[in-house]
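Colleague: I have a few questions about this model. Can we go through it piece by piece?

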Amino acid sequence: MSEHDSVVFLLSIATLLGVARLLGELARVLGLPAVVGELTAGLLLGKTALGRASPRLFDFLFPMGEPMVMLTAYTSIAVVLLLVVAGLEVDLRIVTQRWKTAALVSLLGIILPLAGGVLLGYLLPDSLILRPHHRGLFALFLGVALSISALPVIAKTLLDLGLFRTDIGLLVMTAATLNDVVGWIAFSVLATPMLGGVVNLTQVALTVGIAALFVGASLTFGRRAADQALERLDRHAEFAPGRVLSLLIVLAILGAALMQAVGIHAALGGFIVGVAVGDSPRLREHTRQTIQQFVTNIFAPVFFASAALRVDFVANFSPGPCFAIFFVATGAKLIGCTLGARLTGLSSREAFAVGFGLNARGAMEIILALLARDAGLIDDRIFVALVAMAIGTSLLAGPTMKRLLYAPSHATGPDDLTDDAALLVRAGAFVPKLVSATSARAIEELGRALGATLGDLVEPALIAVLARELIAPTGFGDEVAIPHAAVEGLSRPTVALGLSHEGIDFDAPDGRPARIVFLLLLPPKEFEREVRVLGSLTRAVFDAQAREALLQATTLEQAVRILDEHGQRIARASSFGRRMTSLADM
């Protein structure tokens, strides 16, 4: 490799990373997923724009040969690490606790898109298939591609909407986890015949057996070993994120190498290692966020920009395949997941929200499409159609879920008044100085403060909240925590507010201890109300001024007044924003 090749490679990485990060941040400002901006960087720097405007500059920055080999190696590592981040989003405790309700949603959300994709694969004309004599393999790939969801996109959507720690959010995450584990194993099994073009049933059976052995060993022995390693690394908290990141990357690359060596796609190795390490209760949320930020800000932008680099999206945009793939993918996923959610007891609006949440494909779909394109299974027109579907479904998920779950309640009964944060606290309890030093003790202290309101329900309520806290810690960040759970026998939402000037660790994403703790108890299966009440509580302490004022409260009346004043200020600001939007639309 010459010195010139090294210089070109470094220039290409710097250009891709710089432009992709810039456009990714711009996309976030506009309310779009960062991946949209990163793909746009690839369009601008690739054959679609720069290749047309200045072919010589394009060939200089991204020539074939050694620089492209090095860029491919970089993006191969990026794929593995992106799947590690997806694996970290998987919480096996949630899966084991909620798999019965989520299994039906996930199963129907896999079967219908799989069947739809296979059928579409057989109906598409030969002109859209690179190897028409292997149409069955193409149809199987399309079925798997349309059935998979995107855990990172779904998790980010739920976080942005304040739904990640709600019951409906946990249902969506559990179903997405089951969906993606099945989908990535299925794709990994297809990887070998995709490259060779021949489906050998004996080889497929052997591949499935090896994959099952690897997954089983990783999630049992590997999981325990990772937990012990994290315990040792966590003894010096200030160094923990860097040490865990190093350990995770080493394990992920080893797992990816093992999978690649036995004929399974390397991406599965990264995904399973991410699941095994991420499931440890000793992996702090702050450390998890550090790892995610490293991967999504350094490796992901280059990967997604390079995905669009060598494809001319203008020349290869074909409305027919784009519409067909989007229609089948969205229709089948919505019908399957919504039907499954309805059968578990959710209302129509809640079930559709689950369906739209699981419909987000995002980054995982693009990874899948790029791997299939590199294997020579799909041409650029199908690749463009899959990328368009991934972006479209991701953009659709958040706004639709928000409209379905945050729609104003039409009920007018007296209980609906208690959805307001100030009224909830007035009717509940206030502890101006929590003496507890741990999250479990704080939950118990607040639960006891509600004794007069709850009566015999105190013990069941505490058991429910503590069990849920083990599954999904409820530190929201900004020194606020809202431990909550549904309690059988409860007729209306009940809240206790506690203040801790020293702070209590609720494993928040920003690593800060909670000084404001709301204990929220809800009637069972009132998912929409849970979303409204959580929204009301978080809005009540939205800005630092409100939080600081609340921390100075010493009586119930002072706390209620502060919450009420801030709530009215937020309501006025929201009303003004709506009026401005209406004027702009006129």
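Modeller: By the 2.5 Å sulfur–sulfur cut-off, the count of disulfides comes to zero. Bear in mind that the model is predicted.

Colleague: Is Cys322 buried or exposed?

Modeller: The cut-off for buried is under 20% relative accessible area. Cys322 has 9% relative accessibility, so Cys322 counts as buried.

Colleague: And what is the relative accessible area of Cys337?

Modeller: Cys337 is another buried cysteine. Its relative accessible area is 1%.

Colleague: Let's take the whole protein. What share of the residues is buried?

Modeller: The protein has 24 helices and six strands. Its accessible surface is about 24,600 Å², and carbon and sulfur atoms hold 65% of that. Of the 586 residues, the buried share is 54%.

Colleague: Of the contacts with a separation of 6 or more, what percentage joins residues 24 or more positions apart?

Modeller: Contact here means heavy atoms within 4.5 Å. Among contacts with a separation of 6 or more, the share from residues 24 or more positions apart is 78%.

Colleague: Now helix α1. How far does it reach from its first C-alpha to its last?

Modeller: Helix α1 spans residues 3–29, which is 27 residues. At 1.5 Å a residue, 39 Å is expected. The model comes close to that, with a reach of 39 Å.

Colleague: What covers the buried residues of α1?

Modeller: The buried residues of α1 are Asp5, Val8, Phe9, Ser12, Ile13, Leu16, Ala20, Leu23, Gly24 and Ala27. Residues three or four places apart on an α-helix point the same way, because a turn takes 3.6 residues. The cover over the buried residues of α1 includes α2 (34–45), α4 (55–61), α5 (66–88) and α13 (285–307).

Colleague: Is Leu22 buried or exposed?

Modeller: Leu22 is in helix α1. Leu22 and Glu38 are 16 residues apart in sequence, with their C-alpha atoms 8.4 Å apart. The relative accessible area of Leu22 is 61%, so Leu22 is exposed.

Colleague: Which residue with a positive phi follows α1?

Modeller: Its phi is near 80°. The residue is Gly31.

Colleague: Lys333 next. Which backbone oxygens does its side chain reach?

Modeller: Lys333 is in helix α14 (residues 319–343). At 0% relative accessibility, Lys333 counts as buried. Its side chain reaches one backbone oxygen at 2.9 Å, that of Gly109. At 2.5 Å it reaches another, that of Ser147.

Colleague: Where does Glu479 lie?

Modeller: Most residues other than glycine have a negative phi. Glu479 is not a glycine, yet its phi is positive, about 65°. Glu479 counts as buried, because its relative accessibility is 16%. Glu479 lies in the loop between β2 (475–477) and β3 (480–481).

Colleague: And where is Asp507 found?

Modeller: Asp507 also is not a glycine and has a positive phi, about 55°. At 15% relative accessibility, Asp507 counts as buried. Asp507 is found in the loop between β5 (494–504) and β6 (514–522).

Colleague: Last one. Which residues is Thr494 in contact with, neighbours within four places left aside?

Modeller: Thr494 is in strand β5 and is buried, with a relative accessible area of 3%. A polar atom of its side chain lies 3.4 Å from the backbone oxygen of Arg492. Beyond the neighbours left aside, Thr494 is in contact with Leu450, Thr453, Leu454, Leu519, Leu520 and Leu521.

Key:
Residues numbered from 1 in each chain as written. Predicted model: local features only at pLDDT ≥ 70, side-chain atom pairs only at ≥ 80, totals over all residues. Heavy atoms only, no water. Helix = DSSP H or I, 4+ residues; strand = E, 2+ residues; numbered from the N terminus. Expected span 1.5 Å × (residues − 1). Buried < 20%, exposed > 50% of the residue type's maximum accessible area, 1.4 Å probe, protein only. Areas by Shrake-Rupley, 256 points an atom, 1.4 Å probe, with all protein chains shown as cover. Polar contact = N/O pair within 3.5 Å; in protein donor to acceptor, adjacent residues only side chain to side chain.
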